[in-house]
Amino acid sequence: MAQQKIVIIGGGNLGSAIAQGLVKAKLSIASNITITRRNLGKIEHLKKEGFKLSSDNNSSVKAATLILLCVQPKQLAGLLTEISPSLDGKKHILVSTITGITTDEISSHLQKKVPIVRAMPNTAIAIGTSMTCMCSKDASEKQLKDIKDLFDGLGTTLIIEERLMKAATVLAASGIAFFLRYIRAATQGGIQLGFDAEEAQLIAAQTAKGAASLLLTQDSHPEIEIDKVTTPEGCTIAGLNEMEHQGLSSALIKGIISSYEKISNIKK
Ligand SMILES: NC(=O)c1ccc[n+]([C@@H]2O[C@H](COP(=O)([O-])OP(=O)(O)OC[C@H]3O[C@@H](n4cnc5c(N)ncnc54)[C@H](OP(=O)(O)O)[C@@H]3O)[C@@H](O)[C@H]2O)c1
């Protein structure tokens with residue numbers, strides 16, 4: 001995998017983060033990764049890190065075997081029409097990170113059959129702790145495994161049915177914002193109780209990390225861990241019940257469903 005020539009088409013937030021993550025995780029070397037975008041001036045710093053930069057998608061595709069698509073949904077159709085003549089179904093694998101675009105929609109823009117993997121990471125990919133859900137079309141088990149191995153180096157992966165990709169986008173990609181809003185709210189509570197903002201944020205963020213780690217490392221269940229910290233007549237159960245009276249769980253579930261309804265109706 002480290003020897004594979006990779007092109008990342010769309011060197012924006014996600015594309016740049018994936019490029020840097022691949023090198024950090026030693027899954028590739030910078031000189032084997034070409035990053036394309038139209039305004040290269042904005043990623044000049046990546047050249048100093050050893051990445052190849054280009055505005056020529058077709059020649060970059062021809063020189064690569066793995067093609068990561070990281071443009072905005074509205075930019076995809078034009079891009080696929082542009083690179084389609086350079087794609088070779090026997091040589092290339094297309095990996096799309098693009099929200100809301102199905103593998104069928106991608107292949108409908110291509111002149112020939114090319115293995116496609118759809119991957120939905122989140123922005124924690126920049127620090128190697130993404131939750132990435134993926135599905136595929138016309139890819140062999142080995143090709144899907146190779147892409148899974150790659151994203152495993154950038155966090156945790158789950159192969160899912162394509163019909164669940166929108167739900168995965170809400171839970172994992174939008175989920176970053178949902179958890180951060182909780183941490184911000186907890187920080188504001190901590191400030192009101194006397195901590196300065198920096199201390200309150202550290203306490204809230206490390207506590208959130210600890211709570212998640214209890215589930216991930218011990219195969220535990222949230223209610224088991226909650227029971228451990230809710231002393232009868234204690235302060236934790238008083239706070240937790242008040243949060244529930246104010247609709248905490250209901251607000252979170254409704255927010256997730258609203259995001260899902262929105263993503264299902266986004267115009268491309
Ligand atoms: N951010 C997330 O949490 C997240 C998570 C999962 C998936 N995604 C998906 O990832 C994709 C990228 O998101 P982002 O936040 O990284 O967006 P972004 O920062 O806007 O990056 C898109 C990049 O594509 C480049 N681009 C546009 N047309 C191009 C073309 N024809 N050839 C080469 N490059 C082109 C743009 O640069 P120029 O204008 O200079 O060409 C821009 O740098 C989106 O589809 C998004 O839905 C995002």
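How do the residues of the shell around the ligand divide into nonpolar, polar and charged? I opened my notebook with that one, keeping in mind that this is a predicted model.

**Entry 1: the ligand**

I looked up the shell and found ten nonpolar residues, 14 polar ones and two charged ones. In total, 26 residues surround the ligand. The closest are Gly10, Gly12, Leu14, Arg38 and Thr99. I also checked which helices take part: helix H1 (13-24) and helix H4 (73-83) each give the shell at least two residues.

**Entry 2: the sheet**

Next I followed the strands. There are eight of them in an open sheet, and I wrote down their order as E3-E2-E1-E4-E5-E6-E7-E8, with mixed pairing. At the edges I found strand E3 (52-54) and strand E8 (155-159); each has a single partner strand, so one side of each is left without a neighbour in the sheet. On average, neighbouring strands here are turned by 25° against each other, direction ignored.

I then picked one pair to look at. Strand E4 (residues 66-69) runs parallel to strand E5 (residues 93-96), and four bridges join the two. Across this pair, Leu66 stands opposite Ile93 in E5.

**Entry 3: helices on the sheet**

H1 turned up again here, packing on the sheet. I saw that H1 touches strand E1 (6-9), strand E2 (33-36) and E4, and that its direction makes about 170° with that of E2. Helix H7 (residues 165-192) packs on the sheet too, touching strand E6 (116-120) and strand E7 (130-137). The direction of H7 makes about 35° with that of E6.

**Entry 4: a closer look at E7**

Is E7 largely enclosed or left open? I found that seven of its eight residues are buried, so E7 is largely enclosed by the rest of the structure.

With E6 the pairing is antiparallel over five bridges, and Ala119 has Met134 in E7 as its bridge partner. With E8 the pairing is parallel, over five bridges. There, Cys133 stands opposite Leu158 in E8.

A reminder to myself for viewing strands: in a regular strand the side chains alternate between the two faces of the sheet.

**Entry 5: the domains**

Last, I stepped back to the whole protein. It is divided into domain 1 (6-160) and domain 2 (168-264). Their C-alpha centres lie 33 Å apart. Nine residues from domain 1 and seven residues from domain 2 make the contact. On the side of domain 1 that touches domain 2, I noted five nonpolar residues, four polar and no charged.

Notes
Residues numbered from 1 in each chain as written. Predicted model: local features only at pLDDT ≥ 70, side-chain atom pairs only at ≥ 80, totals over all residues. Near = placed C-beta within 6 Å. Nonpolar A, V, L, I, M, F, W, Y, C, P; charged D, E, K, R; others polar. Pairing = 2+ DSSP bridges. Axes fitted to C-alpha atoms, helices over the stretch in contact; angles between N-to-C directions. Contact = placed C-beta atoms within 7 Å. Domains from an automatic or database assignment. Buried ≥ 20, exposed ≤ 12 C-beta atoms within 10 Å, placed from the backbone.
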